[in-house]
Amino acid sequence: MNRDNNVTLSVVVLSYNNEQYVYDCLSSIANQGIDSYEVLVIDDSSTDNSVEIIEDFIKDHPQFQLIQKPNSGGAISSQIGIAKARGKYLALVDSDDIVADNAYKKLIKRIEEDGSDFASGLPMKMVNGFMHKFLNSSNERNVFVENRVLSTPQELESYTNQVFYWNAVYNTEFLRTNKIEMPANLLIADRIFVYKAAMRAKKISVINDVVYYWRKKENSDKISITDQTAEFHMIADRCDSFQAQIKLCIQEFKNNIKYNKAIWEHSFVRLYYPLYDIADPENEAKDYKDFKEACERYRNFLLQYKAFFIHLIANSDIPVNSKYITERILTKHYKQLYNFIADDMQFEDIDPQTLDINVYNTLLRNRQLISVKDVVEEGDKRFINFQILVGTEDRDEINIEEVFVYNRYFRQDKIKLEYDEIKRRVDITDLPDGTYVIHIICNLRGERQYYTPAVKEELAKVNTYRFGEKIITYNTQSAILTLQKKNRFTMLHLSEDEYLLGVNYPEDIKDIFFFNVKENIRIPVEKQKDFYKIDLTKLPEGDNVMIYKNSDDMYTTVRRLEFSNSAMDKEAMDRIITRGKIEIEIEPDENEETKSVEASE
């Protein structure tokens with residue numbers, strides 16, 4: 001028995017080749033507000049500078065301990081951490097991610113109040129260091145639509161819609177007693193851990209606060225396992241993972257038939273996700289021959305378990321037969337996917353009445369229902385108006401219940417906005433200047449769900465509104481809202497690469513810096529009396545975005561519209577604001593009072 005009653009929480013960090021991000025990860029864990037904790041950093045023989053960075057960090061943090069082991073995968077690292085943990089509670093973290101401030105304190109509080117086996121919260125996706133939308137699938141997001149305790153079989157089963165181990169705190173004894181761990185030799189091992197934990201739990205607490213920031217590295221040479229859906233070799237690994245899930249179902253078959261049916265159904269749909277990416281017409285490295293071969297691999301693999309599938313559904317409350325299983329599970333699913341891609345069909349061509357529902361969800365799981373119509377000013381108030389997209393059925397059955405925003409840069413807390421249900425709008429009058437990602441909770445035919453009010457890429461626009469000295473920009477593609485002030489800055493040109501940035505409202509600005517996306521680091525801007533000196537030669541290669549922190553501790557990117565001399569040479573201004581292209585909003589023409597600009601970047 002390793003548990004020490006004086007240690008409240010053990011955090012197990014799974015480390016491997018994340019030198020750019022591991023410092024931020026460890027710093028976020030140290031900022032949890034828990035008096036007694038330990039952090040076990042299990043390094044899987046990193047070949048970069050991760051170990052050196054970890055060793056340097058733990059010099060000033062005695063609660064942190066580095067454990068190095070031969071390269072054998074993250075699953076074994078997690079097993080070692082669970083075995084060595086001394087805390088009453090335990091959390092698992094990937095070394096390139098970030099834990100939200102005080103997240104573990106909130107989760108532990110819920111476990112103790114509810115008597116739960118573990119507590120879990122909402123993860124936020126972080127793309128190249130900036131906040132993004134929540135998880136793609138509504139089933140994943142809807143687990144966390146409200147604070148609640150899951151205890152019935154149906155509620156516990158719904159938790160498996162999300163298959164992440166790192167957005168939770170577990171009772172350590174619960175994990176050990178039930179032998180809940182990630183199986184070794186599986187690249188995709190998180191599902192087994194989550195499925196078994198949910199299967200064994202008597203109670204699960206969930207909270208609707210963001211507790212974890214899951215990093216997605218779109219501009220990086222290093223792609224995570226989760227993102228390698230289009231890699232052909234991942235088919236075998238996904239099949240291995242699915243096989244382990246089937247074995248778990250077989251072992252637990254008699255205990256909870258419905259629960260096990262849900263497990264393999266979830267797993268089966270996820271198993272097919274790579275097929276669409278493999279046959280993407282823009283993926284020149286793959287062709288339809290690869291896609292058909294992948295389909296055959298899946299089909300041959302699944303045929304081994306045909307009898308189990310038939311037995312499983314035959315013992316559930318769904319009256320089906322072997323023909324149904326053979327056609328729907330082993331043939332129809334991948335055939336419809338192939339036909340969709342081969343015929344180069346578009347969104348509007350799909351008829352959900354004739355398309356298998358699993359195929360429909362796989363292809364269109366980002367389908368949007370709600371968008372922002374416009375921003376208006378009435379008297380001294382400013383509002384965002386929402387609209388139900390044209391062509392959506394049952395528009396009267398879609399109701400927005402709650403609207404909130406997160407600052408897009410550097411992990412700020414959730415801010416709720418006052419929503420007018422009759423006029424379908426929110427009041428943003430008192431929202432501090434900054435850049436935000438908008439999220440809502442809506443009720444669609446009686447089902448509450450998380451939602452991001454964005455639209456498809458080809459319909460995306462950036463709308464800019466001016467109300468007095470206030471500039472408000474909304475990006476319809478990413479649901480990004482930005483509030484800024486006219487004439488905030490003045491730029492002076494010193495030389496080809498040197499500039500002086502004057503702040504016209506110095507009381508509004510706390511800090512100005514560049515953020516390098518590739519290196520995930522901040523580069524401070526030197527302050528000289530009332531000016532900030534910018535030397536572009538000191539910036540590293542890659543995308544360097546100028547960002548400022550205002551008096552409300554909110555962050556936003558510096559933009560041309562905020563300059564009193566915005567007519568300054570366009571090329572020079574572009575060099576100052578950002579070098580290279582980055583996933584930020586497009587700059588509207590500053591000469592027009594109100595304009596919608598097609599999203600071309």
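**Entry 1: Phe 514**

I looked up Phe 514 and found it in strand β23, which covers residues 509–516; strands here are DSSP runs of E with at least two residues, helices are runs of H or I with at least four, and both are numbered from the N terminus. I noted that this is a predicted model, in which local features need pLDDT of at least 70, side-chain atom pairs count only at pLDDT 80 or more, and totals for chains, interfaces and linings use all residues. Residues are numbered from 1 along each chain as its sequence is written, and side-chain values use heavy atoms, with hydrogens and water left out.

Is Phe 514 buried or exposed? Phe 514 counts as buried because its relative accessibility is 2%, where buried means under 20% relative accessible area, exposed over 50%, and partly exposed in between, with a 1.4 Å probe and protein chains only. Leaving out residues up to four places away in sequence, I listed what Phe 514 touches, including Ile 521, Val 525, Leu 539, Met 546 and Ile 577, a contact being heavy atoms within 4.5 Å. I also checked Asp 543, which is 29 residues from Phe 514 in sequence and 9.4 Å away in space, C-alpha to C-alpha.

**Entry 2: Pro 153**

I then turned to Pro 153, which lies in helix α6, residues 153–158, and counts as exposed because its relative accessibility is 56%.

**Entry 3: a sheet**

Last, I traced an open sheet of four strands in the order β21-β22-β26-β25, with antiparallel pairing; two strands pair if DSSP finds at least two bridges between them. The edge strands, each pairing on one side only, are β21 (489–493) and β25 (526–528).
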